[in-house]
Amino acid sequence: MSAEQSHGANPAAASATEDKKVVVRHRFRALQHIINHIGVAVASKLVPVASIFIYSHYMSVYDYGILNLSASYLWILGIVMTLNLHTAVGRYIYTESKDFDQFFGSTLLLIGGIFSVFVIIILTNLARFEELMSLHRNIIFLMLFIVLGSIAESIFSQIAIYLQSSRALLIGVAAKAIGTLLLSIVLLFYMEKDKYFAVLYADAAISLVFLIAVMYSLRERIRLVISMSHVKYMMHYSLPLIPYMLCLTLLSQFDRVMIDRYFGKQETGLYSLVYNVGILMLMIVTALLNVFNTAFFDGINKKDYARVIRDSDSIFALGLLTTAVLVLFGENIFALLVPEKYAPALNIIPVVAIGGLCFVIFQLWARLIAYVNKTYFLSFVAIFATALKIGLNALLLPLFGYKVAAITTVIAYLTMSLLCVWVVNSVVNLFPVKIADKLLYILSFSLIALFFTYVPMPLVFQNVLKVVLIIFIAVHLKDKILGLLSLRDVARHN
């Protein structure tokens with residue numbers, strides 16, 4: 001009997017077979033979509049990651065400190081010099097309005113005008129900015145071009161995520177990152193001193209090329225007309241987020257500025273490398289949030305809150321597994337991958353990783369606050385956490401040294417997440433958000449880190465115990481992590 005005859009004789013079996021094929025196809029597409037977005041996250045962080053594995057081998061710790069100090073100011077400049085208006089693109093595109101091209105054109109015109117004003121202010125006061133930022137004026141000049149590239153990447157990412165064009169997004173972001181990396185390596189071989197300029201020259205040149213490429217690729221979506229209703233919308237959405245975005249930048253970057261002031265660029269370089277390592281887990285979580293962004297909005301719009309909670313728990317589970325690897329093996333792994341001159345700082349990798357896990361809770365549920373357009377609450381939360389962290393750093397850094405900044409990172413991010421969940425449950429109040437189990441995981445990881453730091457035991461026994469723990473954690477989280485592949489929403493892509 002032929003296969004066609006069998007199926008004809010048993011239509012139920014044929015239907016079941018077809019359903020299985022559909023499920024496999026959806027899971028494959030979902031996995032492909034997730035891999036693309038993880039690739040985007042890795043590519044967007046390729047220069048910081050390369051600074052860990054490549055640049056650190058060619059630069060002195062002092063030069064590495066300058067490079068990371070300039071990176072800290074880049075984020076601040078990007079927010080201030082655009083008034084954060086480009087972030088409204090990613091919100092307006094999800095509305096019912098059909099005039100996105102005009103909105104996008106209004107955004108570009110307004111951002112261009114504001115950016116130009118700030119460029120004039122900076123260039124006419126370079127000496128003052130040199131003193132304020134503790135950076136050479138040539139670095140500040142190059143940073144202006146790098147900021148333009150960052151803004152272009154943000155806009156391109158927001159539109160591509162909405163269109164679910166993960167492949168195009170990966171190609172664009174990867175091309176920018178790989179171009180910067182390759183040009184940086186070439187320049188590193190030719191420059192004998194001030195090697196941080198190699199990376200800055202490369203980043204500025206590629207950023208300018210990327211800006212032109214993005215504007216060309218999006219030309220059909222741009223209608224250069226200023227609409228006051230659109231200006232009003234972007235101001236209403238983006239301006240309340242300025243304190244929030246600035247505070248997020250200060251939370252992740254200002255440690256280095258304070259360490260530079262208290263201890264110098266040598267310690268800044270040490271801490272920067274360890275922070276970049278410990279926070280790697282956030283790249284994966286950010287990628288997953290981008291993958292499930294459309295599903296999140298769809299779930300909220302349809303009041304399918306159970307799905308939103310399930311997706312969020314699955315994303316947190318993958319963050320947990322990644323954090324477990326960094327807590328248990330981070331110091332050992334990266335001791336083999338980075339120069340020995342960074343070894344004194346590697347023991348704070350677990351602390352930074354736990355701080356990143358605390359921040360994941362905030363990342364997951366801050367989206368609800370943004371969804372209901374109560375973004376000023378995000379600013380209040382971020383301002384409080386930032387003031388707490390800067391205050392703790394000012395008090396504790398002179399007493400205990402630069403490493404204590406990792407502990408203040410945990411305290412600040414945990415406080416931020418707790419306040420965020422309180423706002424979600426008390427103000428937004430769409431559905432109850434429970435995080436007791438997540439706090440228990442954070443406490444457990446903290447105790448595990450303390451145990452392996454302070455309890456003496458033979459190295460072989462320690463490593464065996466770590467392997468057993470990571471296997472147990474992986475098995476415990478397996479179902480939730482694999483659940484990320486079962487959603488059909490993430491399979492829909494262009």
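1. Basis. The model is predicted: local features need pLDDT of at least 70, side-chain atom pairs count only at pLDDT 80 or more, and totals for chains, interfaces and linings use all residues. Residues are numbered from 1 along each chain as its sequence is written, and side-chain values use heavy atoms, with hydrogens and water left out.

2. Core. The largest nonpolar core has 158 residues. Such a core is a set of buried Ala, Val, Leu, Ile, Met, Phe, Trp, Tyr and Cys residues joined through side-chain atoms within 4.5 Å. Buried means under 20% relative accessible area, exposed over 50%, partly exposed in between (1.4 Å probe, protein chains only). L135, F362, W365 and M416 touch the most other members. Helix α17 (residues 349-371) contributes the most, 17 residues. Helices are DSSP runs (H or I, at least four residues), numbered from the N terminus.

3. F362. Beyond its neighbours within four places in sequence, F362 contacts Y244, L248, L378, V381, M416, S417 and C420. Contact means heavy atoms within 4.5 Å.

4. S72. This residue sits in helix α4 (residues 61-80). S72 is buried because its relative accessible area is 1%. Residues up to four places away aside, S72 touches T249, Q253, R256 and V257. S252 is 180 residues from S72 along the chain, yet their C-alpha atoms are separated by 8.3 Å.

5. L440. Helix α20 (residues 436-454) holds L440. L440 counts as exposed because its relative accessible area is 53%.

Terms used. Helices (H or I, at least four residues) and strands (E, at least two) are DSSP runs, numbered from the N terminus.
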